[in-house]
Amino acid sequence: MSAATTPTPQKLRTRKPLTVAAVAKNLGALVLAVVFVFPVYWMFSSSLKPQHEIMTKDPVFVFTPTFENYKTATGVDLFWTYVTNSLTVTIGAVLLALVVALAASFAIARLKFKGRKGIVLIVMMAQMAPWEVMVIAMYMISRENDLLNSIPMLTLIYFVMVLPFTIWTLRGFIAAVPVELEEAAQIDGCTRGQAFRKVIFPLLAPGLMSTSLFGFITAWNEFAMILMLNKDKESQTLTLWLTQFQTAFGSDWGATMAASTLFALPVLVVFLFLQRKAVGGMTAGAVKG
Amino acid sequence: MTVDSQGTATAGPQDAPGRAAGKSQTPPPSPGPKEVLQPPRGRRSLPSGVLPYLLVAPALLSMAVLLLYPLIRNVILSFQQLNRKEFITRETVWTGFDNYTELLGDSDFWTVVVRSVVFTAVNVALIMAIGTGIGLLLNRLGKKMRLVLSLALMFAWAMPIVASVTVFRWLFDEQFGVVNWLMRTLGFSGYDQHNWFETGFSTLVIVLILLVWGSVPFVALNMYAGLTTIGSELYEAAKMDGASGWRTFWAVVFPNLRSFFMITTFLEIIWIFKAFAQVYAMNLGGPDRGSETLPVFAYIEGVGQFHYGVAAAISILTIVMLIAVMSFYFRLILKEEEEL
């Protein structure tokens, strides 16, 4: 649907404003903005509508909001188990990745050793691992080791999923801290470890923050693995709760949209908070300059 | 991302190219922390004995156990017969290349391969074209309008995959969906209770719209960020020479952002080709297995049909195809690295 509405701007900063072209481009931008935001808006607004204003042939745009749907959505059996599981798995994975990646990225960024280049290459390739098509093997391995429906196992898998990215990003952040700072600390009598703890680490805090939030989003989004491995209700996360909601609640779209909203909200908040870094990270990476 | 995230956190890999550099030279400045005031200096190498190995060991070990080992197991599984009987009795039956010969001679498999390839190609072409268009548009907009459009794009980009699939099911709902209402309002007939998920093809079209919607922001916003790095004097010069907008794009914008286009295209190919959640959650690969792409085909062949050996073989063939694409991607990145 967006295809039809895309204008193809052909000139770059060539016209003065208030021409037909200027109006067209602003109008085009407005239409595009509506198209892109609409599904998100529709999710929010549907989640706040009373039942009878959802089940209508002609959608209602003005209504009195109600939190009825949220009650239904959170009232399902085991809802809080899913919340706990989701948080355990994502936060556990991110923290583990942070610790392990910090060590590895320090070595890669600061120390010289044989095989460094190879490790960099391994991390790059691991970043592209096709997890979605490895579910069958992962299932067999988990089954043999009695690790199906296991929260720790899922945490470990997510940990390895976010690890390469975490190493990458932290490597960049560590490399950006001038070596001189570290050396100065060592001259002042710090050991290598102390220099790291007292000089590099505080400078890394913002980097650690954004890296872990991106890791959180990845883990929160994961679907194939949990679908395959954790079939027991008790061991599922919000991801499965949401996909199974439709089946369980027939056509209670109000509650389903409330569930979607609850699921999406943490990520939307985190993402808007990170937006500059999301785009900036790409420019520094793919586009030279 | 997107896609990934496809999503979102898929912002990861792009970090690779630029920062991959900096072996002995100056690493490019990190975009993130503003606290880092100075540009990075060259890395001084210090002799350090076993310490580096100790530091990277946990990372390598965990990747070996939870990434490399499953990959190897996947290869091994693809040489076994693992149907319901073997699955329950847990015996190992070796069948050599049987799973592969069976698959390669199976027209269903080829249907899915062709479907996946076409699906990916159309998707990526649309994503790149629309993303580039919006990126260029963003560059020409005034401050306020640009903020409005970027914010809208951000929302689409940030939506978790499973949530967006659920929302799209609601938008395209047969009875009360807003899309059917829109079609009626626009004067099309036959949309009273139109079932958008009636065929595999129509289901895939919805998935396609979802993927384009979710992936375009990534391309558009990064495209815009890239455009801002091109000095305006280049446009001025092009304008002076009387170049048309189309000409300006190919003569000024494209050459400057060539590596961006190449890398993004390959990333999108990889992400779309292995997209699982969007395709599976939309309609479980149905109706009648008509919307299965390769990753979903593997999953259903295994879990639904109890042919785990065959499913493993499908996975391996999918991975082989992905590796073929990735090799181009890595070549691009490594070339980038040398240039830096």
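Predicted model: local features only at pLDDT ≥ 70, side-chain atom pairs only at ≥ 80, totals over all residues.
Local features here need pLDDT of at least 70, side-chain atom pairs count only at pLDDT 80 or more, and totals for chains, interfaces and linings use all residues. Residues are numbered from 1 along each chain as its sequence is written, while chains are lettered from A and ligands numbered from 1 in the order in which they are written.

**Overall layout**

Let us start with chain A, which is divided into domain 1 (2-71) and domain 2 (78-248); such bounds come from an automatic or database domain assignment. The C-alpha centres of these two domains of chain A lie 36 Å apart. Chain B has 16 helices and two strands, where helices (H or I, at least four residues) and strands (E, at least two) are DSSP runs numbered from the N terminus. Of the 340 residues in chain B, 49% are buried. A residue counts as buried if 20 or more other C-beta atoms lie within 10 Å of its own, as exposed if 12 or fewer do, and as partly exposed in between, with C-beta atoms placed from the backbone.

**The nonpolar core**

The largest nonpolar core holds 177 residues, and Ile136(A), Val162(A) and Leu163(A) touch the most other members. That core draws at least three residues from each of domain 1 and domain 2 of chain A. A core of this kind is a set of buried Ala, Val, Leu, Ile, Met, Phe, Trp, Tyr and Cys residues joined through C-beta atoms within 7 Å. Leaving aside neighbours within four places in sequence, Leu163(A) is in contact with Ala97(A), Val100(A) and Ala101(A), as well as Ala59(B), Ser62(B) and Met63(B). Contact here asks for C-beta atoms, placed from the backbone, within 7 Å.

Ile136(A) is one of the buried residues of helix α7 of chain A. Eight of the ten residues in that helix (residues 135-144) are buried, so α7(A) is largely enclosed by the rest of the structure.

How do α2(A) and α7(B) pack, in angle and in distance between axes? Helix α2 (residues 20-47) of chain A and helix α7 (residues 143-158) of chain B pack at an angle of about 25 degrees, with axes 8 Å apart. That makes α2(A) roughly parallel to α7(B), a label for angles under 35 degrees, with over 145 roughly antiparallel, 65 to 115 roughly perpendicular and the rest oblique. Axes are lines fitted to C-alpha atoms, for helices over the stretch in contact, and angles run from 0 to 180 degrees between N-to-C directions. Among the residues that meet are Leu32(A) and Phe36(A) in α2(A), and Leu149(B) and Phe155(B) in α7(B).

**Backbone details**

Two residues other than glycine have a positive phi, as tabulated here.

A cis peptide bond joins Gly286(B) and Pro287(B), with omega about 0 degrees.

Finally, Ser202(B) is placed in helix α10 (residues 200-227) of chain B. Ser202(B) counts as partly exposed, with 18 C-beta neighbours inside 10 Å. Not counting residues up to four places away in sequence, Ser202(B) touches Trp196(B) and Phe197(B).

Methods:
Contact = placed C-beta atoms within 7 Å.
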